[in-house]
Amino acid sequence: VHYLEYHLWRASALIGKKDYEQAHQELEAAEDLNKNIEDQYLKYQTLVHSAQLALAEGNLQKAMEYSDQFEPMMNIDDWAVANLLRGEILMQSGHYRDAAQLFRKMYEQKDSIFSKDVRIQLDEFNTLFKLDEIKMKSQLERSPLIISSFIRIKGRSDRELYLSIIVFVMP
């Protein structure tokens, strides 16, 4: 598994350096290792890197063929990466309307996912706040209430005396 990941990351770096021949070799090595592994995520990653290489080389048809295979394999975390790549392929192949629709769909879904996440976080925060408030009230009910005050008394020889009064109120 680690060798497969190594080949994928190496292929990604080589694509960035525009060393497409070496990138092909790394992806072929990854595909060979994929034959013996049942991990769908690594197979998906191999497809993504293959699509990125085809896109970088300008082979839009091949890139689209790879991207057509993404959906059955991807989970929610991979969704954005896969659709961004597919949108880029659509744009470069001149399918601007399809790319715009895909990006609009992504925006709407991401916005709804973000809104849902924010709602969940706010609910958790409110629950924690209410629990803390209940704990604080409970502690106040169990602990004595202390009232203290200082009274200043003026003496005969211009001396000031202070009297402290402390009252404990038990619940």
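**Reading a helical chain**

Tutor: Contact here means heavy atoms within 4.5 Å, and once the neighbours within four places in sequence are left aside, His49 is in contact with Leu8, Ser12, Ile15 and Leu27. Please keep in mind that this is a predicted model, in which local features need pLDDT of at least 70 and side-chain atom pairs count only at pLDDT 80 or more, while totals for chains, interfaces and linings use all residues. Residues are numbered from 1 along each chain as its sequence is written, and side-chain values use heavy atoms, with hydrogens and water left out.

Student: In which element does His49 have its place, and does His49 count as buried or exposed?

Tutor: Helices (H or I, at least four residues) and strands (E, at least two) are DSSP runs, numbered from the N terminus, and His49 belongs to helix α3. Buried means under 20% relative accessible area, exposed over 50%, and partly exposed in between, with a 1.4 Å probe and protein chains only; His49 is at 7% relative accessibility and therefore counts as buried.

Student: Which backbone oxygen lies 2.7 Å from a polar atom of the side chain of His49?

Tutor: That backbone oxygen belongs to Gln45.

Student: How many helices and strands are there in the protein chain, and what share of its residues count as buried?

Tutor: The protein chain has six helices and two strands, and from the N terminus on they run α-α-α-α-α-α-β-β. Of its 171 residues, 25% count as buried. If you take the contacts with a separation of 6 or more, 42% of them are between residues 24 or more positions apart.

Student: How do I read the way two helices lie against each other, and at what angle do the axes of α2 and α3 cross?

Tutor: Axes are lines fitted to C-alpha atoms, for helices over the stretch in contact, and angles run from 0 to 180 degrees between N-to-C directions. The axes of helix α2 (residues 20–34) and helix α3 (residues 40–57) come within 10 Å and cross at roughly 160°. Angles under 35 degrees count as roughly parallel, over 145 as roughly antiparallel, 65 to 115 as roughly perpendicular and the rest as oblique, and α2 and α3 are therefore roughly antiparallel to each other.

Student: Which residues in α2 and α3 meet?

Tutor: On the α2 side they are Tyr20, Ala23, His24, Leu27, Ala30, Glu31 and Asn34, and on the α3 side Leu42, Lys43, Thr46, His49, Ser50, Leu53, Ala56 and Glu57. Ala, Val, Leu, Ile, Met, Phe, Trp, Tyr, Cys and Pro count as nonpolar, Asp, Glu, Lys and Arg as charged, and the others, Gly among them, as polar; the residues of the contact of α2 with α3 divide into seven nonpolar, five polar and three charged.

Student: Where else does α3 have a helix beside it, and at what angle do α3 and α5 cross?

Tutor: Helix α5 (residues 79–92) and α3 have axes that come within 11 Å and cross at roughly 25°, and these two helices are therefore roughly parallel to each other. Tyr44, Val48, Ala51, Gln52 and Leu55 in α3 meet Val81, Ala82, Leu85, Glu88, Ile89 and Gln92 in α5, and the residues of this contact divide into eight nonpolar, two polar and one charged.

Student: How do the axes of α4 and α5 run, and at what angle do they cross?

Tutor: The axes of α4 and α5 come within 10 Å and cross at roughly 150°, so α4 and α5 are roughly antiparallel to each other. Leu60, Ala63, Met64, Ser67 and Asp68 in α4 meet Arg86, Ile89, Leu90 and Gln92 in α5, a contact whose residues divide into five nonpolar, two polar and two charged.

Student: Which residues does Leu60 contact, once its neighbours within four places in sequence are left aside?

Tutor: Leu60, which lies in helix α4 (residues 60–68), is in contact with Leu55, Ile89, Gln92 and Ser93. The C-alpha atoms of Leu60 and Ser93 are separated by 6.3 Å, although these residues are 33 residues apart along the chain.

Student: Where is Lys18 found, and what is its phi?

Tutor: Lys18 sits in the loop between α1 (2–16) and α2, and its phi is near 65°, a positive value in a residue other than glycine. Lys18 is exposed, with a relative accessible area of 60%.

Student: Does Tyr96 count as buried or exposed?

Tutor: Tyr96, in helix α6 (residues 96–142), counts as exposed at 59% relative accessibility. Not counting residues up to four places away in sequence, Tyr96 touches Leu90 and Met91.

Methods. A polar contact is a pair of N or O atoms within 3.5 Å; within protein, one must be able to donate a hydrogen and the other to accept it, and residues adjacent in sequence count only if both atoms are side-chain atoms.
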